There are 2 protein chains.
Amino acid sequence: MSSLSFATTPDPPYYAVIFASQRTDADPFGYYEASERMLELAAQQPGYLGVESARSADGFGITVSYWDSEEAIAAWKRNAEHAEVRKRGRLEWYEHFELRVAKVERAYAGPRADR
Amino acid sequence: MSSLSFATTPDPPYYAVIFASQRTDADPFGYYEASERMLELAAQQPGYLGVESARSADGFGITVSYWDSEEAIAAWKRNAEHAEVRKRGRLEWYEHFELRVAKVERAYAGPRADR
């Protein structure tokens, strides 16, 4: 996911799904392929605003996806291909994860003086 | 920050500060020292709940800190040592960053069947 960087999001409010995960050592290629596919598929969903993702060398990662509404998040969760891949994730790829859904209330960018 | 992993947070609602950043190549040791110190200092603040952080090999990273209120976030921002370090961050360590403040509304953990 080396092509990923900052998400360009509109002015708040909007929603963030914060997904923190610890990878197992299993199936790195299958995981990579599925990750790429999920990024592609997510980007096609109504209400998708963007994604940011980083993973440290020890396998701990954070992916934040941004959405314009709770409804958009719920619809993405119901997507059949996504549901299938989540199942593989729970069985094979993730030792543990924490998922948090949050409403973004304010945002700013830098470097520059604090606003 | 290899000792970092999942934050143990209470039931929502609480707040998340999502800090996505692209590092410059500058001053890796100074950056590392300041990061460690900020983690230590943040953990001493009233209302601090935890932190999660990951940085990819290309220097793109996401740090999410969790707080029990907007007031706790504002107080941490006013902390003098933290303000000084943010200034160094803008001048030296970060090519770009995006900071978002969000209210966590629901959360769950896995692997396990979807709730």
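This is a predicted model: local features need pLDDT of at least 70, side-chain atom pairs count only at pLDDT 80 or more; totals for chains, interfaces and linings use all residues.
Along the principal axes, the C-alpha atoms of chain A fill a box of roughly 45 × 30 × 25 Å. Within chain A there are 3 helices and 4 strands. Read from the N terminus, the elements of chain A follow the order β-α-β-β-α-α-β.

The relation between the chains comes next. Two copies of a chain are related by a rotation about an axis and a shift along it. Here chain A is superposed on chain B by a rotation of 180° with 0.0 Å of shift along the axis, at an RMSD of 0.0 Å. The two copies are therefore related as by a two-fold rotation axis. Both copies use the same surface, as 100% of the contact residues of chain A recur in chain B.

Helix packing can be followed in chain B. Two packed helices are described by the angle between their axes and the distance between the axes. In chain B, the axes of helix α1 (residues 28-42) and helix α3 (residues 80-93) come within 11 Å and cross at roughly 150°. Because angles over 145 degrees count as roughly antiparallel, α1(B) and α3(B) are roughly antiparallel to each other. Their crossing is left-handed. On the α1(B) side, the contact is made by Tyr31(B), Ala34(B), Met38(B) and Leu41(B); α3(B) contributes Glu81(B), His82(B), Val85(B), Arg88(B) and Trp93(B). Sorted by class, the contact of α1(B) with α3(B) has 6 nonpolar, 1 polar and 2 charged residues.

How values were computed
Residues are numbered from 1 along each chain as its sequence is written. Chains are lettered from A and ligands numbered from 1 in the order in which they are written. Axes are lines fitted to C-alpha atoms, for helices over the stretch in contact, and angles run from 0 to 180 degrees between N-to-C directions. Helices (H or I, at least four residues) and strands (E, at least two) are DSSP runs, numbered from the N terminus. Angles under 35 degrees count as roughly parallel, over 145 as roughly antiparallel, 65 to 115 as roughly perpendicular and the rest as oblique. A crossing is left-handed if the near helix is turned anticlockwise from the far one by less than a right angle, and right-handed if clockwise. Two residues are in contact if their C-beta atoms, placed from the backbone, lie within 7 Å. Ala, Val, Leu, Ile, Met, Phe, Trp, Tyr, Cys and Pro count as nonpolar, Asp, Glu, Lys and Arg as charged, and the others, Gly among them, as polar. Copies are superposed by least squares on the C-alpha atoms of residues with pLDDT of at least 70 in both.
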